[in-house]
Amino acid sequence: GRNISISEDGLHLFSDVTGHVSLTGGKVFVSDVYEVQADVDTSTGDINYAGSVHIHGSVRGGFVVTSRGDIVVDGSVEDAMLQAGGDIIVQCGIQGMQRGLLEAKGNVTASFLENLRVYCDGNVYSNSILNCEISAKGKVIVSGSKGVIYGGDVTGMLGVESASIGNSSNVSTIVRI
């Protein structure tokens, strides 16, 4: 199977990558992506994986997902902690409830970011940022239908791009470049 080597005597299998072993169709293969077919919740517990993690559901509040590679979430993220050695991609948004935390060595991408802390070595991409503490070593790019930054403290070492920053209700919005 994929990512497998066989010893010269044909009696031993060795993985070529760090990953998740499975037997499919009578073949052993190792995937460097750990697939979670449902939500990360009490049924899965916290996840700590040496490769990338793909979550086909959502990440419920209070759970931790740690990956040396990328983290991809097809659903949403509640007040959870995600730590990635690569990118974090959340197809829907994140409502951190002032307890959520994202840490990525790469980029962070989410439909919306609300009430959480984000630290990344790359760029942050979102349609809206509300009341977040964000520190990006790259750019913070807020675009799409809303393209707004309301409230919070946003730092983009290489720049911040947004259609609208702040609002008329005097919510403190700090942007640093």
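Colleague: How many disulfides does the count come to in this predicted model, and by what rule?

Modeller: The count comes to 0 disulfides. The rule asks for a pair of cysteine sulfur atoms within 2.5 Å.

Colleague: Why is Cys92 said to be in no disulfide?

Modeller: The nearest cysteine sulfur to Cys92 belongs to Cys132 and is 16 Å away. A disulfide needs the sulfur atoms within 2.5 Å, so Cys92 is in no disulfide.

Colleague: What is the case for Cys132?

Modeller: For Cys132, the nearest cysteine sulfur is that of Cys120, 12 Å away. The cut-off is 2.5 Å, and therefore Cys132 is in no disulfide either.

Colleague: Why is Cys132 called buried, and what is Cys92 called?

Modeller: Cys132 has a relative accessible area of 2%, and buried means under 20%, so the term applies to Cys132. Cys92 has 36%; this lies between 20% and 50%, so Cys92 is called partly exposed.

Colleague: What makes Leu116 count as buried?

Modeller: Its relative accessibility is 3%. Buried means under 20%, so Leu116 qualifies. Leu116 belongs to strand 13, which covers residues 108-120. Beyond its neighbours within four places in sequence, Leu116 is in contact with residues including Ile94, Leu102 and Cys132.

Colleague: Which residues have the most contacts inside the largest nonpolar core?

Modeller: They are Val59, Leu82 and Leu113, in a core of 36 residues. Strand 13 gives the most to this core, with 6 residues. As for Leu82, its contacts outside four places in sequence include Val59, Ile71, Ile88 and Leu101.

Key: Residues numbered from 1 in each chain as written. Predicted model: local features only at pLDDT ≥ 70, side-chain atom pairs only at ≥ 80, totals over all residues. Heavy atoms only, no water. Helix = DSSP H or I, 4+ residues; strand = E, 2+ residues; numbered from the N terminus. Buried < 20%, exposed > 50% of the residue type's maximum accessible area, 1.4 Å probe, protein only. Contact = heavy atoms within 4.5 Å. Core = buried A, V, L, I, M, F, W, Y, C linked by side-chain atoms within 4.5 Å.
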